[in-house]
Amino acid sequence: MDAIERMVSRVLGAGIAIAVVFMLAGVVLGIASGEALPDHVVAFGSLASGLSELDPAAYLSLGLLVLVATPFVRVTGSIAAFALERERRYVLLTAVVLVVMCAGVLLGKA
Amino acid sequence: MAVIIGIVLVAFVAGVFGSMLGVGGGIIMVPVLSLAFGVPIKTAIATSIVCVIATSSMAQSSFAARGMTNMRLGMFLEVATTVGALAGGITAVLVDGRVLQVCFAVLLFYVAWQMSRRRGDVVPAEGPVMPSVYYDPAGGREVRYGVHALGLGFVLSLAAGNVSGLLGVGGGAFKVPIMNLLMGVPLKATIATSNLMIGVTAATSAAIFYGRGYVDPQWAVPAALGILAGARLGPRLAIRLSARVLVVVFEVVLGVFGVLMLLRALGVGV
């Protein structure tokens with residue numbers, strides 16, 4: 001468990017670093033353009049085009065999205081950790097948590 | 001620009017205390033954003049939820065590396081918390097919000113009093129349930145413990161998840177005393193595990209808020225950056241400080257939460 005937990009903690013650290021890089025890039029681009037920071041996020045579908053156009057809002061949005069995704073990665077990593085340890089009960093329990101998280105997101109959309 | 005720097009600083013402080021104690025810090029960010037910076041309440045809540053995730057993930061990268069997070073306990077109680085939160089709507093119909101706020105505040109003061117009465121951490125007792133071990137640098141020794149009173153902890157987590165969803169308070173302020181006082185989990189493992197749970201609970205709402213456009217980068221980004229910096233420092237303090245000092249800080253923070261909650265019940269706009 002310990003080795004895998006350490007790996008999960010490294011993945012989390014990397015995710016946060018990526019989020020920070022995108023957010024800082026967005027702030028720098030925003031300051032360079034001389035306008036205030038954007039007051040809305042970019043929809044998921046238009047992220048790619050926004051990024052290629054160096055739109056500050058797209059960089060800030062992607063940074064926030066990566067940050068929001070980290071707990072999902074955290075829980076998924078733990079399912080893998082329990083599976084490798086052959087702790088079936090906890091694989092199931094953690095999978096329930098992940099399903100509830102995802103169901104919440106889907107229900108919230110509706 | 002001054003506004004951005006102000007938010008970064010406030011978020012930094014919230015990040016330090018939130019991650020050090022496993023309570024998130026959302027309850028501080030919401031009133032500061034809405035009262036001091038005039039942020040609309042929904043945007044303030046969305047920002048604070050992003051902050052809770054930032055606190056949780058950043059703190060986890062420190063605590064998990066130390067083996068302090070009890071993943072089994074965290075996932076077990078997370079089921080209770082989420083189910084409780086889903087049932088929040090039922091409670092909202094049955095009980096008046098103000099009554100709930102006053103009860104919540106009284107409970108916070110009671111918990112703070114209970115913790116101060118004991119003056120320190122639980123004596124870790126080994127057991128067969130979810131056993132765990134971590135090295136405590138402050139005590140210079142390994143701490144071994146098992147989890148106790150699993151059923152009671154589960155039921156109370158249901159209740160905590162239920163009310164915390166209603167009041168917009170991340171349940172951390174109750175998860176910590178439930179695990180520590182009732183389930184016999186040493187304080188540092190409690191704080192690490194609570195930090196894990198608040199992020200998991202917040203992630204779903206954050207994704208929903210993002211989809212609905214309530215996450216506003218001009219507030220959320222400076223707040224997240226400040227929180228991340230603070231939550232890098234907080235766990236280091238928690239790991240090094242003695243449990244006795246952490247208990248005192250926790251009591252003070254619970255007291256502040258209680259006062260904020262009473263003010264809210266009395267209709268002062270926080």
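This is a predicted model: local features need pLDDT of at least 70, side-chain atom pairs count only at pLDDT 80 or more; totals for chains, interfaces and linings use all residues.
After the helix comes B:G184. Its phi is positive, near 70°.

**The core**

The largest nonpolar core has 115 residues. B:V50 and B:A224 have the most contacts inside it. Helix α9 (residues 187–211) of chain B gives this core its largest share, 14 residues.

B:V50 touches residues of both chains. From chain A these are A:L64, A:L67 and A:V68. From chain B, leaving aside residues up to four places away in sequence, they are B:A206, B:V215, B:A220, B:A223 and B:A224.

Two packed helices are described by the angle between their axes and the distance between the axes.

| Partner of α9(B) | Axes come within | Crossing angle | Hand |
|---|---|---|---|
| α3(B), residues 41–63 | 8 Å | roughly 145° | left-handed |
| α3(A), residues 56–84 | 9 Å | roughly 140° | left-handed |

The angle of roughly 140° makes α3(A) oblique to α9(B). In this contact, α3(A) supplies A:L65, A:V68, A:P71, A:F72 and A:V75. Helix α9(B) answers with B:G199, B:V200, B:A203, B:A206, B:A207 and B:Y210. The residues divide into 10 nonpolar, 1 polar and no charged.

Within chain B, α3(B) and α9(B) come within 8 Å. On the α3(B) side, the contact residues include B:A46, B:I49, B:V50, B:I53 and B:F63. On the α9(B) side, they include B:A192, B:L196, B:G199, B:A203, B:A206 and B:F209. Here the division is 14 nonpolar, 6 polar and no charged.

B:G199, B:A203 and B:A206 take part in the contact with α3(B). B:G199, B:A203 and B:A206 also take part in the contact with α3(A).

**The interface between the chains**

Which chain gives 43 residues to the contact, and which gives 37? Chain A gives 43 and chain B gives 37. On the side of chain B, the elements giving two or more residues are α3, α4 (71–86), α9 and α10 (217–240). The largest share of that side, 9 residues, comes from α9(B). Its residues divide into 23 nonpolar, 11 polar and 3 charged.

Terms used
Residues are numbered from 1 along each chain as its sequence is written. Chains are lettered from A and ligands numbered from 1 in the order in which they are written. A nonpolar core is a set of buried Ala, Val, Leu, Ile, Met, Phe, Trp, Tyr and Cys residues joined through C-beta atoms within 7 Å. A residue is buried if 20 or more other C-beta atoms lie within 10 Å of its own, exposed if 12 or fewer, and partly exposed in between; C-beta atoms are placed from the backbone. Helices (H or I, at least four residues) and strands (E, at least two) are DSSP runs, numbered from the N terminus. Two residues are in contact if their C-beta atoms, placed from the backbone, lie within 7 Å. Axes are lines fitted to C-alpha atoms, for helices over the stretch in contact, and angles run from 0 to 180 degrees between N-to-C directions. A crossing is left-handed if the near helix is turned anticlockwise from the far one by less than a right angle, and right-handed if clockwise. Ala, Val, Leu, Ile, Met, Phe, Trp, Tyr, Cys and Pro count as nonpolar, Asp, Glu, Lys and Arg as charged, and the others, Gly among them, as polar. Angles under 35 degrees count as roughly parallel, over 145 as roughly antiparallel, 65 to 115 as roughly perpendicular and the rest as oblique.
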